[in-house]
Amino acid sequence: MRVSRIVVIAAALTAAGCLPDLDGWRVITPRGDAGPPGDGGSRDGGGIDASILPVDDCSAPIPLGVGYTEGFESGTAGWGIASENERSPSWQWGTPAGEVIRGAAEGSFAFMTGLDTDYGNSEESLLVSPCFDASEAANDLLLTLSRAYDSEACCDRASVEYSVDGGDTWQPATGEARLGWYAAGAGCGGQSDWGPAATLLAGTAGQARVQIRIRWHSDTSVSGDGFAIDDVSLREATTDLALELAEAERCGYVVATVTNVGAAPTTGFEIRTTVDVANDLTPYDRTIAYLETQTLELAIAAEALKAR
């Protein structure tokens, strides 16, 4: 867990009324000034399938750098398709045209288990990313993507797995329903329109041969459109806490909402101002996970108000 401190710098208070000038407040984290509040293949669409999409062997990993994003608008982008049994994988690249999943999350193209046909029975099919060099990442990686699905809720599902040794071994990613993903040990099954999903990939910090794959599992009966992904992003989780301020019900107070937008779990922060405050603020010592928030009410000292 990262330990950090937020310092909130207040500019001059408004000349009249009880509320400070919110435009003057800024957030500073250990990594620098985060700014003021609120900042915070073929192209014919016909489909490309496993026969011409080999899996990256991780011999030349892509440097992750500041992050990776892919919307599949220019092609398959080095993603490969494989199967863990004798069944043919149904993954295809193109324009989704299923009964439920129609169109991409953004643009025209995505990956889907059968663009215009139902997925097959008894599948263990894999959509595998290129290989990434995250050796310079100090924190674990955050995977985000858009996903849509239509399947037999009890038995057919998608899940995320990842490797830190170039695909020699794989481990399941732990999902969280609050982030648009599945509960730990389960998978995405049932029906959902396009929506965002995110998961932290534990143990990926500093690893030079990282790969991700989407596993599609189906049983022996009942099928549907299946699963589709678009707008994939992979980046290092950072310590980045955003601040929003609003007027409180009590005169001379503001409500500060701190949100973890950097994704690295953050433990321990304080909120302070350059003017005196009427109360001593106790550091918040619990952990804030990705996109979780903590709301605090801050009191501005009476003498500071009178000075204006």
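1. Start with Phe 111. Setting aside neighbours within four places in sequence, Phe 111 is in contact with Leu 53, Phe 72, Thr 76, Trp 79, Ile 81, Trp 91, Gln 92, Trp 93, Leu 127, Phe 227, Ala 228 and Ile 229. Contact means heavy atoms within 4.5 Å.

2. A word on the basis. This is a predicted model, where local features need pLDDT of at least 70 and side-chain atom pairs count only at pLDDT 80 or more, while totals for chains, interfaces and linings use all residues. Residues are numbered from 1 along each chain as its sequence is written, and side-chain values use heavy atoms, with hydrogens and water left out.

3. Which residues have the most contacts inside the largest nonpolar core? They are Phe 111, Ile 214, Phe 227, Ile 229 and Leu 234, in a core of 34 residues. Such a core is a set of buried Ala, Val, Leu, Ile, Met, Phe, Trp, Tyr and Cys residues joined through side-chain atoms within 4.5 Å. Buried means under 20% relative accessible area, exposed over 50%, partly exposed in between (1.4 Å probe, protein chains only). The elements giving two or more residues to this core are β8, β12 (141-150), β13, β15 (191-201), β16 (211-217) and β17 (226-236). A second, separate core has 10 residues, among them Leu 243, Ala 256, Val 258 and Ile 271.

4. Now β8 (residues 91-94). Strands are DSSP runs of E, at least two residues, numbered from the N terminus. Both faces of β8 are covered. Trp 91 and Trp 93 are buried on one side, and Gln 92 and Gly 94 are buried on the other. β8 runs antiparallel to β9 (residues 110-113), joined by 4 bridges. Trp 93 stands opposite Phe 111 in β9.

5. Next, an open sheet of 5 strands. The order is β7-β10-β16-β13-β14, with antiparallel pairing. β7 (80-83) and β14 (171-172) stand at the edges with a single partner strand each, so one side of each has no neighbour in the sheet. Two strands pair if DSSP finds at least two bridges between them. β13 (residues 157-163) and β14 pair over 2 bridges. Tyr 162 has Gln 171 in β14 as its bridge partner.

6. Another open sheet has 3 strands. Their order is β18-β19-β22, and the pairing is antiparallel. Which strands are at the edges? They are β18 (241-247) and β22 (293-299), each pairing on one side only. Neighbouring strands here are turned by 25° against each other on average, direction ignored. Axes are lines fitted to C-alpha atoms, and angles run from 0 to 180 degrees between N-to-C directions. β19 (residues 253-260) pairs with β22 over 7 bridges. Tyr 253 stands opposite Ala 299 in β22.
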